[in-house]
Amino acid sequence: MSRSAPLPSSDPSADSGAPQTPVYITTPIYYVNDKPHIGHAYTTIVADYLTRAHRLLGRPAFFLTGTDEHGARIAQVAREHGIKPQEWCDRHSEHFRAAWKRLDVAYDQFIRTTDKRHVDGVRRMLERMHAATVPDGKPVIYEGIYTGLYCLGCEKFITEKELVDGLCPSHLTAPQKLTEKNYFFRLSAFLPQVERLINENSIRILPEERRREVLGLFKQGLEDFSISREKVDWGIPLPFDPSQNAYVWVDALPNYITAVGYGDDPESFARWWTQGTVIHLMAKDILKFHAVYWPAMLLSIGEAVPDQIFIHGYFTVNGQKMSKSLQNAIDPNLLVDRFGTDGTRYLLLTQFPFGQDGDVKADLFIRQFNADLANDLGNLVSRAVTLIERHFEGRRPPGGASQPIDNEQRQQAESCGKRFAAAIESLAPHDAIGAGIDLVRAANRYLEKTQPWSLAKENDLARLGTVLNTAVESIRVAAIILSPILPSKSRLILATLGFTDPEAELNRQGLSGWDRCPGPFHLEAPIFPRMDKVALPSMEKALMSEPTAVAGENVITVDQFRQTQLCTAEVISAEKIAGADRLLKLQIALGEERRQIVAGIAQHYKPEDLVGRTIVVVANLQPATIRGIASQGMLLAASNGPTLRLITTDGPIDSGSSIG
Ligand code: MSP
């Protein structure tokens, strides 16, 4: 049921007359147990960029983003913070909306899986799925038994892969084997059809290596999946068995259809989902859910499958994977503080070609900001406009005869416009942005070659006028092509060229009509002031978001703090635990009292280095059994990424001394 969209003319100015197929662009909906980081920002800015670019090319576009709010994990963090799950979701969903506002992300809809409209839509989908059968008459949904490893601390099933030394990494406890009744989705019945749709590119998976990866999954074999959970209480109850809640992915994936009116707004649903070109954007982490489960779910209820699934690369920071536990997630707000909204958008989208992984280095950001935006673009505007202000009182210079070099520059502008349109079609935002920047660079080279400064000195105003007109026209075209990535600076540039209504110039949906800059030309201040390098080392640190307590969250009273009894202890002996390479067993003295604790520090300290040291322990912790070994307390350590250091005292003190 996938539709192929007619390509818009590669010349954005050409009017084919035929109405353009609408484009529906989505990001994943983000979990609210995390705060927005530049990984989330990347996908979201790409979606915003593509939406703006398609509109510029005359195509109707709808852009959806939002938050994924149900499931055991969310319920657990809310519980840990002593608030209701809904309250947690309200606060955290707002972090995403606030970040997108600062980044000038103009979504058409922000969906939350706790929205009533979404909940109703999911129930409607589940009812249809439940009533459906596969060709041999078997029901799509059937009852089964799910057996898995359940962590009581997390209140969720965890996989073998997630375990560290057989323990839940968050709670250092062994999970229990649990069995519960679940409903299953008969994925096996839809696999051949989904595989065929991907093979024939009706579901286009890009880039090619990801397509191959997905096709490989079919060869390895994929099992029916469970669509419900008995033990998770923060979710959408199944309409046909309210004792079970929908599994988070079965609740999350349909956001793409409930947002545009699945079951409650047939007109909008037909326009965006059934007839539109649907483009799902995401990183590789969630490819299987989108490329296999989601199309199969849609086929089971007789709805169209997505047209394109684009998998972009992963951001790493100084070579490391960005993650909550490494605390190296870069908060996009910090980048906006430094580089402004448009600067941040530009820097994030040009770090690496769409589809490839890329490492983020703070000093490169500064260099690139200065090179591309302050020097290339900012200086071009200031050179051309300042000369017009100085020699033509800011008015549009009278046009003179053109020379071949002027015509070449004009052709450059046209071909960059075409390159931009083609790059948008082939989902290559980095190349589309590159077309704009290349035009800027070509215009700078044009000025170097034509030397308007010398023409001014020689008082050759006729030739000077032609050169400056050619330059500002290239700037106009560059500003239009760059407007999806630099929404406010490009409008500012158009205003500098005399457009009283820059929006109208963008909405004209065309680069055609040379000599359009009306003037008067006036540059108020540099478009992109150069960034100072002095602050570099401190900036590197500032870019790493600290795990701060947001007002109202993670905040405890003094009395609550006092409930934790901390005291000093002396390590009497320490030894490794066979088969657990992260754990050490310590015998410690708290004054007269002897205790045994199990600590996950074996990769940072040798047992012999610990003996005789004074450490800090939580003394009133409920005893636990870790790997079958009793542990009566927990030691304190500071950790930052791969580094871990024990908390000790800065001089000798008796063991068992209280800390407060
Ligand atoms: N809630 C699910 C998605 C459900 S969609 C029906 C989820 N949420 S998430 O918060 O973990 O978001 C994952 C997505 O965030 C990735 O697919 C990608 O779009 C973005 N990124 C998260 N970390 C990233 C990087 N380090 N680099 C680039 N993008 C990253 O999965």
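Let me begin with one word: buried. A residue counts as buried when its relative accessible area is under 20%. Keep that cut-off in mind. One more thing before we look: this is a predicted model.

Start with strand E12, residues 277-283. Seven of its seven residues are buried. Now look at which way they point. Thr 277, Ile 279, Leu 281 and Ala 283 point one way from E12. Val 278, His 280 and Met 282 point the other way. Both groups are buried. Why two groups? In a regular strand, side chains alternate between the two faces of the sheet.

Who are the neighbours of E12? On one side is strand E1, residues 23-31. Four bridges join E1 to E12, and the two run parallel. Next comes strand E13, residues 308-312. Five bridges join E12 to E13, again running parallel. Here Leu 281 stands opposite Phe 310 in E13.

Zoom out to the sheet. It is open and has six strands. The order is E3-E2-E1-E12-E13-E7, with parallel pairing. Which strands stand at the edges? They are strand E3, 109-112, and strand E7, 204-206. Each has a single partner strand, so one side of each is left without a neighbour in the sheet. From one strand to the next, the twist averages 20°.

Thr 65 has Phe 110 as its bridge partner in E3.

There is also an open sheet of three strands. Its order is E15-E14-E16, and its pairing is mixed. The edge strands are E15, 320-321, and E16, 358-360, each pairing on one side only. Strand E14, residues 315-317, pairs with E16 in the parallel sense, over three bridges. Look for Thr 316: its bridge partner in E16 is Asp 359.

Now the helices. Helix H5, residues 191-199, packs with H10 at an angle of about 115°. Their axes are 9 Å apart. Angles of 65 to 115 degrees count as roughly perpendicular, and H5 and H10 are therefore roughly perpendicular to each other. H5 passes H10 in a right-handed crossing.

On to aromatic rings. A pair of rings is described by the distance of the centres and the angle of the planes. How many aromatic pairs does the structure hold? There are 25. One of them is Phe 225 with Tyr 293. This pair is stacked, at 4.1 Å centre to centre and 5° between the planes. Phe 225 lies in strand E8, residues 225-226, and Tyr 293 lies in helix H10, residues 287-300. So the pair ties together parts that are 68 residues apart in sequence. Are these two residues buried or exposed? Phe 225 has a relative accessible area of 7%, so Phe 225 is buried. Tyr 293 has 10%, so Tyr 293 is buried too.

Rings also gather in a cluster. Ring pairs link Tyr 24, Phe 62, Tyr 256, Trp 272, Trp 273 and Trp 294.

Charges meet rings as well. The charged end of Arg 73 sits over the ring of Tyr 31, 4.8 Å from its centre. The charged end of Arg 229 sits over the ring of Tyr 146, 4.9 Å from its centre.

Here is a contrast with E12. Gly 340 lies in helix H11, residues 332-349. With 25% relative accessibility, Gly 340 counts as partly exposed. How far is Gly 340 from Tyr 256? In sequence, they are 84 residues apart. In space, they are 31 Å apart, C-alpha to C-alpha.

Last, the whole chain. The protein chain has 21 helices and 26 strands. Its C-alpha trace spans about 95 × 75 × 40 Å along the principal axes. Of its 660 residues, 53% are buried.

Note on methods:
Residues are numbered from 1 along each chain as its sequence is written. This is a predicted model: local features need pLDDT of at least 70, side-chain atom pairs count only at pLDDT 80 or more; totals for chains, interfaces and linings use all residues. Side-chain values use heavy atoms; hydrogens and water are left out. Two strands pair if DSSP finds at least two bridges between them. Rings of Phe, Tyr and Trp (its six-membered ring) pair if their centres lie within 6.5 Å; planes under 30 degrees apart count as stacked, over 60 as edge-to-face and the rest as tilted. Buried means under 20% relative accessible area, exposed over 50%, partly exposed in between (1.4 Å probe, protein chains only). A charge sits over a ring if NZ of Lys or CZ of Arg is within 6 Å of the ring centre and within 35 degrees of the ring normal. Axes are lines fitted to C-alpha atoms, for helices over the stretch in contact, and angles run from 0 to 180 degrees between N-to-C directions. Angles under 35 degrees count as roughly parallel, over 145 as roughly antiparallel, 65 to 115 as roughly perpendicular and the rest as oblique. A crossing is left-handed if the near helix is turned anticlockwise from the far one by less than a right angle, and right-handed if clockwise.
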